[in-house]
Amino acid sequence: MPNPLSSLTISRPDDWHLHLRDGEAMQSVIGHSARQFGRAIVMPNLKPPVTTTDMALQYRDRVYQAMRAAGVEGGSFEPLMTLYLTDNTTGEEIRKAKESGAVYAVKLYPAGATTNSDAGVTDLLGRCGPALEAMQQHNLPLLVHGEVTDPEVDLFDREAVFIDRVLIPLRERYPELRVVLEHVTTKDGVDYVMQAEGHIGATITAHHLLYNRNALFLGGIRPHWYCLPVLKRETHRQALVEAATSGHSRFFLGTDSAPHPRGLKEHACGCAGAYTAFHAMELYATAFDAVGRLDNLEAFASRNGPAFYGLPVNEGVLTLERTDLQIPDELPLGRTTVVPLASGETLQWKVQ
Ligand code: DOR
Ligand code: ZN
């Protein structure tokens, strides 16, 4: 057997799906993302949601403020803002978003699908025609949380049903629209993205690459493994690993790192979201290493995303070393704490 790699240097990666939150919480977490990533697509599901360009620009100012307060070196990290699509988003608002140069995409949350999605879309094709038309025209991608909210549909089938009921009809009606199936979690999703015509991509989280749904119940109910879309069975995890590690240009890194205060996760009705920004690249390296595909980590983490968004690859580099990283039990989150995914465990990779 050849000696395993002892370190790996890749172009500085980006996170194409990140929850930074706001206020004190953002100040606590932003340094973790900025240490590893050059840019991040910043999710708009705040309270209230970021539904207009003006709100996105104000939010971006607060991101920069938080970076300064957290001591992030100027120019080292760029937040790419998004708008939260509603039933009432106008074509004019989309044009304004594109012209701002600060908004890189629009996020679809089906109403009720996940954290802070109450203001989301109730009927995409019925209600959002003008916005979708404008996005297609101005080349502003639609990022989809790909789950139906129909209570009749089993929780584990919501992504597959979304593809049939919403994604396929959407892309037939707007064939030039650029679409990202965010945090794809199933073989159905992977197969669709691989074979579909036109402009489509998908982000994949580290937690969906590393864990199947057994992780939710290992030795008892484990709320820190609960996220949406929920972890799926092993066959789906294997399909995700194959897609991510193949180097296929349609798949790229999106952590979906989503910090919640410890007390709201360890709760009778715990919030959905895994906090992975602290150790994101270490988690991804672990997943790629497990199948002997570290050679394709750079394509997935640093090249495929910029190619989809029409942006240059970052100039700097990131080096990972094969050495132990102990994941802390908890980390500060404003005045509370957040438990990082797999807290207390040890990874074999560490960002230099
Ligand atoms: O697990 C999740 N957490 N999934 C989402 O879609 C939203 C996120 C959050 O904002 O907490
Ligand atoms: Zn998310």
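How far does a polar side-chain atom of histidine 260 lie from an oxygen atom of ligand 1? Select both and check: the distance is 2.7 Å. Keep in mind that this is a predicted model.

**Stop 1: the ligand's polar contacts**

Stay on ligand 1. One of its polar side-chain atoms lies 3.3 Å from an oxygen atom of the ligand. Next, pick alanine 272. Here the backbone takes part: a polar backbone atom is 3.0 Å from a nitrogen atom of ligand 1. Then show the surface. On its own, ligand 1 has 290 Å² of accessible area, and the protein covers 100% of it.

**Stop 2: the shell and the space**

Select the residues around ligand 1. There are 13. Those that come nearest are Arg21, Asn45, Thr114, Leu228 and His260. Colour the shell by class. Seven residues are polar, four are nonpolar and two are charged. Now hide the ligand and look at the space it takes. That space is the largest cavity.

**Stop 3: the cysteines**

Move on to the sulfur atoms. How many disulfides does the structure hold? The count is zero.

Select cysteine 227. Its closest cysteine sulfur is in cysteine 271, 13 Å away, so the two are too far apart for a bond. Cysteine 227 is buried, with a relative accessible area of 1%.

Now select cysteine 269. For this residue too, the closest cysteine sulfur is in cysteine 271. Is cysteine 269 buried or exposed? Cysteine 269 counts as exposed, because its relative accessibility is 63% and the cut-off for exposed is over 50%.

Definitions and conventions. Residues are numbered from 1 along each chain as its sequence is written. Chains are lettered from A and ligands numbered from 1 in the order in which they are written. This is a predicted model: local features need pLDDT of at least 70, side-chain atom pairs count only at pLDDT 80 or more; totals for chains, interfaces and linings use all residues. Side-chain values use heavy atoms; hydrogens and water are left out. A residue is near a molecule or strand if one of its heavy atoms lies within 4 Å of it. A polar contact is a pair of N or O atoms within 3.5 Å; within protein, one must be able to donate a hydrogen and the other to accept it, and residues adjacent in sequence count only if both atoms are side-chain atoms. Accessible areas come from the Shrake-Rupley method with a 1.4 Å probe; for residues, only the protein chains shown count as cover. On a 1 Å grid over the protein atoms alone, a cavity is a set of points where a 1.4 Å probe fits but cannot get out, and a pocket is an open set with protein on both sides within 12 Å along at least five of seven lines; lining residues have an atom within 4 Å of a point. A molecule sits in a cavity or pocket if more than half of its atoms lie within 2 Å of its grid points. Ala, Val, Leu, Ile, Met, Phe, Trp, Tyr, Cys and Pro count as nonpolar, Asp, Glu, Lys and Arg as charged, and the others, Gly among them, as polar. A disulfide is a pair of cysteine sulfur atoms within 2.5 Å. Buried means under 20% relative accessible area, exposed over 50%, partly exposed in between (1.4 Å probe, protein chains only).
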